[in-house]
Amino acid sequence: MKIGVHPNNLHLRLARLWPGAFVDLQPIFVSYAEGRDTAALLESGDIDLGGTGSTPPIEADMRGLGVEYIAASAPRPANGAIFVRSDSPIGSVAELKDRRISLVDGSFHTYLLARSLEGEGMSLPDVERVESGARDSLADLLERRVDAWVAMSPRLEKALERDDVRLIVRCGAAIPNRSLFWTLERNGLSAAEIRAVVSELSRIGNEIAADPRTAARLLASGDRGGSGDRGGTDIDAWEKVVRSRDFTVFPIDDEIIAEQQEEADTLLRHGHFAKPIVLKRPEMTK
């Protein structure tokens, strides 16, 4: 099984380094740059399984790729936030109107921003979204090229320790922010393979939770396959990240699909999607 690994999915990043992970599936771990590339790699057959935030699989379904959800993490309310400069006149989300906001557009950042704005009677077109890509978004914020920054781990934890930026909203106040593990129906994973994937993700998650220091050491040492932390995060900082999240993994169920449907409907309201979509419930897939 070809398992995709990108820097921002810590569960699969750690699985690549964890002893005995997925051994019964004869894993080949394939590194790539970011979660938004997952659908294209699944479509081309370069990977059989990927893990991302909630938005990329919906984007894939909007393209008609036929997403098959496999598993989901517990909510991760601490893993995303919106920051402004400490000296910014922006005091809350309500004051983001017409401001430039740096984010990884088409990731969970887009949904976090949309839900945060919606809570203040605004929508995505009320702000200017600035694609951050691989740039240093913190530098863009501090050097006033943008007015706000949507951040995620591990840079989020570092930002919280700074006195030149200020938090205005945290993920948990707006979205569940789960990791989703998924494939495409065309890739034909068997029911037995899917059960094995869920079992391994759960086992590895439990072992990470039981030994966060080892997990932090593995992350700090860097993934020699190319998906190490580009921010140079040390062991102590990684341990804070690992301890801050719940690595529990569940099989896909109707509740998760309902959350995904709510996100799809929200992004449609905000004009991010041009057409509605009805996501398949687990019993509607094999």
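Two strands pair if DSSP finds at least two bridges between them, and in this structure Val84 has Arg166 of strand E9 as its bridge partner. Helices (H or I, at least four residues) and strands (E, at least two) are DSSP runs, numbered from the N terminus. Please keep in mind that this is a predicted model: local features need pLDDT of at least 70, side-chain atom pairs count only at pLDDT 80 or more, and totals for chains, interfaces and linings use all residues. Residues are numbered from 1 along each chain as its sequence is written, and side-chain values use heavy atoms, with hydrogens and water left out.

**The open sheet**

- An open sheet is formed by 5 strands in the order E7-E6-E8-E5-E9, with mixed pairing.
- Its edge strands are E7 (128–131) and E9 (165–170), each of which pairs on one side only.
- Neighbouring strands of the sheet are turned by 30 degrees against each other on average, direction ignored; axes here are lines fitted to C-alpha atoms, for helices over the stretch in contact, and angles run from 0 to 180 degrees between N-to-C directions.
- Strand E5 (residues 80–85) runs antiparallel to E9, and 5 bridges join the two.
- Helix H4 packs on this sheet, where it touches E5, E6 (100–103), E7, E8 (148–152) and E9. The direction of H4 makes about 70 degrees with that of E5.

**Nonpolar cores**

- A nonpolar core is a set of buried Ala, Val, Leu, Ile, Met, Phe, Trp, Tyr and Cys residues joined through side-chain atoms within 4.5 Å. Buried means under 20% relative accessible area, exposed over 50%, and partly exposed in between (1.4 Å probe, protein chains only).
- In soluble globular proteins, nonpolar side chains tend to be buried together.
- The largest nonpolar core here has 47 residues, and those with the most contacts inside it are Tyr69, Ile82, Leu96, Leu113, Leu117 and Trp182.
- Helix H4 (residues 108–118) gives the most to this core, contributing 6 residues.
- A second, separate core has 31 residues, including Met1, Val198, Ile204 and Ala215.
- Ile82 is in contact (heavy atoms within 4.5 Å) with residues that include Leu112, Leu113, Ser116, Trp149 and Ile168, leaving aside its neighbours within four places in sequence.

**Helices that pack on H10**

- H4 and H10 (residues 254–269) pack at about 70 degrees, with their axes 10 Å apart.
- That angle makes H4 roughly perpendicular to H10. For reference, angles under 35 degrees count as roughly parallel, over 145 as roughly antiparallel, 65 to 115 as roughly perpendicular and the rest as oblique.
- The contact is made by Thr110, Tyr111, Ala114, Arg115 and Glu118 of H4 with Glu262, Glu263, Thr266, Leu267 and Arg269 of H10.
- H4 passes H10 in a left-handed crossing; a crossing is left-handed if the near helix is turned anticlockwise from the far one by less than a right angle, and right-handed if clockwise.
- The axes of H3 (residues 55–62) and H10 come within 10 Å and cross at roughly 70 degrees.
- H3 is thus roughly perpendicular to H10, and the crossing of H3 and H10 is right-handed.
- From H3, Thr55, Pro57 and Ile58 meet Gln260, Glu263, Ala264 and Leu267 of H10.

**The H8 and H9 pair**

- H8 (residues 212–221) and H9 (residues 235–243) have axes 8 Å apart and pack at an angle of about 125 degrees.
- H8 and H9 are therefore oblique to each other, and their crossing is right-handed.
- Residues in this contact include Ala215, Ala216 and Leu219 of H8, together with Ile235, Trp238 and Val242 of H9.

**Loops with backbone features to check**

- A cis peptide bond, with omega of about 0 degrees, joins Ser153 and Pro154. Pro154 is found in the loop between E8 and H6 (155–160).
- Asp98 has a positive phi near 65 degrees and is a residue other than glycine. Asp98 sits in the loop between E5 and E6 and is exposed, with a relative accessible area of 62%.
- Asn177 is not a glycine, yet has a positive phi of about 55 degrees. The loop between E9 and E10 (180–184) holds Asn177, which counts as buried at 6% relative accessibility.
- Ser132 lies in the loop between E7 and H5 (137–142) and counts as buried at 5% relative accessibility. Not counting residues up to four places away in sequence, Ser132 touches Ser102, Leu103, Val104 and Ser137.
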